[in-house]
Amino acid sequence: FPTSTYVKLWADTQRELDIMLQREREEFLQPEEDREKVMKMLATAYIQYLEIFRNLEEAHDHLIHQQKRAAVRQVLDGVIGRILEIKKEMVALEKSECHRMDDILMDLQRVPEDIDIPIPKYFIKENLSILQDRERFLDEILLNAGLLEQEPVTAMTLEEGIKVVQVAERARQGRARAAFMKRIYLEEKRQSQKEHQEMGKNPDDAATCIQKVWRGYRQRKETEKLREEEMVFLGMNSAEMINGTGSLPPDLEAMSSLQIGAGKANVLQGEVQEREEPSFRLELRQTEGSHIKETLQDQISQCFIECRHITGRFPDYPPENTGGSKAIFIEKHPEQVAEELAAKREAEKKEKEKNGKEEKERPAVKKPPKVGKQIVDDSWKMGPSNFLSILEEGSSQYKVFWENRDNRLDFLQDHDPELIKEGEREEVEDEIRVQVDEVMQEKLLKLKQAVDGETGARQSKAGKGEKGKKKKERHRKPRKGEHENLVMSLACRTIDSLYQELAEAGLLIKVKNVNLSDYLGYYDCLRNVPRQAGAQPMPSIPEVRQLVTLYGILPLGSQTVHENAPLVKSLLLAGPAGVGKKMLVHAICTETGANLFNLTPSNLVGKYPGRDGLLMMFHMILKVGKELQPSVVWIGGTERLYSKGAPKGEEEVNAKRLARILPPFLRALKPKDRVLLVGTTARPFDGNPGPFCKAFQKIILIPKPDYLTRCGKYFTSGPLWKHYILQSGGALTKLVNLNCLAHVSDGFTQGHIVDTVHTVLSELRLLQMPRKPLRTAEFVTSLARHDPVYKEEEETFQ
């Protein structure tokens, strides 16, 4: 069964991951001064983690055991987060987003395609029904508002109407004449048959009739057999009787059985993956509830006694908003609480003694050394990670499945009740703890009254602090610039109403269905040239795909990754016009199922005027984007927001207002909010670089296609010219020289090539293609009407 293969893949990958974790403990925690050695170590770990990521994603997509899928998912998120952390260290070390890994790839016996970053399928698969409902809702809103793009319906001219009527009339006359001639033919045939019957049958005619019937029958059987074999070969028919033998032909039997088995496996896999796990919560409350309750009460009572013995008084019970007894007593024995209290008192005593001694013997303030004499520690050490603990926990869960339990490799693997109970036991304990807190709080009050004579009016410091804080907030005067009425008005509205208003205003737009893999480009191993001092290298198209995946797709697709990975709130795509910046924005939304908000200054003309209007718009986008996350906020022509000249016109005024509102908008985004700000610009050098770079954390330069991408002579997946010509319905012959087109189109962008192909392959030209094949000169003539990206402009981007 296929499942056994992916269970084994999970096991092998988990062992490789354990080796990587052990290596990190040995190498990454040690300081290192050699920067080249550090970079090589980080790049090696980066490539190996990508291989682990690829294998885990494949195993997670095909496993059907829900608990195993959950365990693989946890490790998968941890690996993604660790890749992002290592990438951050590499960028900080080289001060560049592009890294040379050719030597390391050769040492590891890898090809450049091995550093392509896969996109997990569960980003869309787990939320497919929600995304489909949301898409239907958006289509309905746009259709009712008249904003849905449809094929234009043009009025028919008088000449065209006459031509249609003439064609229809000629067709009617042709059908009428055919029916008339058919009646004449049938009448003549009946007359001839009547004459033959009167004259008697000829033996030769009878033999000819029998031969016709037999040959027709034999040919129909032969054709039916060939058609059946073709359907079986294509996997579109099940195993049926052929030639009366009750079995398939030997050359097709093996292939058909594999296709049928694969189809059944895919159907069963989808059904089992969507199956809900049973719940044992009620059973746990009935069987273990009383024992848990007694254990909690005994533990809390013992802690009361120990604290009374150490501090001389009973402790204040923690308020409910801080977690109740769980805030102090969870998973702690009374002895541990006593030790912590004693250590705390001892630390406070030493701190007081130290402060008193420092007041008596305060040394003279030394002047800082001069800049030239400062000693800087150049040694490198890996920073703390938020994902190593997740990976270690996933490793322990893997051992539970693989080593300590019966890991059968059958297809319909069922759930493990003990694992479900382990997860639900904590939830049951939390529910019982709430009841225990009420009982124990009353018991503590009675103990204070009986032993210490307290009346219970004294509140805990935590509760008193919270109450004072709330009182302070209630009587605080609103600061200048706050729009509380605006926030309150939005708080009373539903998400659906805000979603509909943004869609009708044209700010929430429909995402074009394009994948990141549609952004074509290939690795050029000869591209690495020495970089000039202070100039950033122009990344290749595969590197652009990697950066967009790292900073845009992976964090938006996983909540765990977004909360714990290095936070990237804003991303800027900069490059000449026509290189595919808008396509990449739509690809981010397609791969993650994100909403797309269009805040391009030209799209805001006449919408939400004034500062208050922009504030309301941003509040609406924040509320809808956070509630229906992930979301992407796209601003096109971002250089207008930070242009050097004075604003002219309403569009420029809106751009300046957007620039002032962006900083508070970004501050409002927290790690839990999967909302990404994406800007696109074709002329970033027209804006002030200071605020430009502050607003966008990551800036990705988008290159024009190189020769290998335009021609793709040694690649089977198709170059740009070949891909777009075939996509538009064209046919390639020897008269179309792709190598010549690749040379001539040097300096032109993907948009130029697409526009050229669409201009040449009009409807009329497609109709003429069978008798007039395409020629290279047609594309060259159309391409010459565009202006290429000159060398001076390309150097300005660098």
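Q: Exposed means over 50% relative accessible area, buried means under 20%, and partly exposed is in between. With that in mind, is arginine 667 buried or exposed?
A: Arginine 667 counts as exposed, because its relative accessibility is 55%, over the 50% cut-off. Keep in mind as we go that this is a predicted model.

Q: Got it. Where does arginine 667 sit?
A: Arginine 667 belongs to helix H22, which covers residues 649-667.

Q: And how far is its C-alpha from that of lysine 569?
A: The two C-alpha atoms are separated by 9.2 Å, while arginine 667 and lysine 569 are 98 residues apart along the chain.

Q: Why is lysine 623 called partly exposed?
A: Because its relative accessible area is 27%, which falls between the 20% and 50% cut-offs.

Q: Staying around there, where is proline 630?
A: Proline 630 lies in the loop between H21 and strand E4, the strand being residues 631-636.

Q: Let's switch to backbone angles. What is phi for lysine 95?
A: Phi of lysine 95 is near 55 degrees, which is a positive value in a residue other than glycine. You'll find lysine 95 in the loop between H3 and helix H4 (102-107).

Q: Buried or exposed, that lysine 95?
A: Lysine 95 is exposed, because its relative accessible area of 60% is over 50%.

Q: And what's phi like at glutamine 109?
A: Phi of glutamine 109 is positive as well, near 60 degrees, and again the residue is not a glycine. Glutamine 109 is in the loop between H4 and helix H5 (122-125). At 73% relative accessibility, glutamine 109 counts as exposed.

Q: New topic: how many salt bridges are there in the whole structure?
A: A search of the whole structure turns up 23 salt bridges.

Q: Nice. Which helix holds arginine 82 and glutamate 85?
A: Both are in helix H3 (residues 66-94), 3 residues apart, or about one turn of the helix.

Q: What does arginine 683 pair with?
A: Arginine 683 makes a salt bridge with aspartate 686, and the closest N and O atoms are 2.6 Å apart. Arginine 683 is partly exposed at 39% relative accessibility, and aspartate 686 is partly exposed at 32%.

Q: And what does arginine 765 meet in a salt bridge?
A: Its partner is glutamate 778, with an N to O distance of 2.9 Å. That pair links distant parts of the chain, 13 residues apart: arginine 765 is in helix H28 (residues 763-768) and glutamate 778 is in helix H29 (residues 776-783).

Q: Why does arginine 765 count as buried?
A: Because its relative accessibility is 7%, which is under 20%. Glutamate 778, at 24%, is partly exposed.

Q: Which residues do salt bridges with shared partners join into one network?
A: Lys8, Asp12 and Arg15 are joined that way.

Q: Now the inside. How many cavities of 30 Å³ or more are there?
A: The count is 1. The largest cavity has a volume of about 40 Å³.

Q: Which residues line the largest cavity?
A: The lining is made of Tyr551, Pro555, Val561, His562, Ala565, Pro566, Leu567 and Val568. Helix H18 (541-557) and helix H19 (559-564) are the elements that each give two or more residues to that lining. By type, the lining residues are 7 nonpolar, 1 polar and no charged.

Q: Last one: what do Phe180, Met181 and Ile184 form on the surface?
A: They form a nonpolar patch, with about 260 Å² of accessible area together. Phenylalanine 180 is in helix H7 (residues 158-199), and it is partly exposed, with a relative accessible area of 42%.

Technical notes: Residues are numbered from 1 along each chain as its sequence is written. This is a predicted model: local features need pLDDT of at least 70, side-chain atom pairs count only at pLDDT 80 or more; totals for chains, interfaces and linings use all residues. Side-chain values use heavy atoms; hydrogens and water are left out. Patches are made of residues with over 30% relative accessible area and no salt bridge: like charges are joined within 9 Å, nonpolar side chains (Val, Leu, Ile, Met, Phe, Trp, Tyr) within 5 Å. Accessible areas come from the Shrake-Rupley method with a 1.4 Å probe; for residues, only the protein chains shown count as cover. A salt bridge is a side-chain nitrogen of Lys or Arg within 4 Å of a carboxyl oxygen of Asp or Glu. Helices (H or I, at least four residues) and strands (E, at least two) are DSSP runs, numbered from the N terminus. Buried means under 20% relative accessible area, exposed over 50%, partly exposed in between (1.4 Å probe, protein chains only). On a 1 Å grid over the protein atoms alone, a cavity is a set of points where a 1.4 Å probe fits but cannot get out, and a pocket is an open set with protein on both sides within 12 Å along at least five of seven lines; lining residues have an atom within 4 Å of a point. Grid points are joined across faces, edges and corners, and a volume is the space filled by probe spheres set on the points. Ala, Val, Leu, Ile, Met, Phe, Trp, Tyr, Cys and Pro count as nonpolar, Asp, Glu, Lys and Arg as charged, and the others, Gly among them, as polar.
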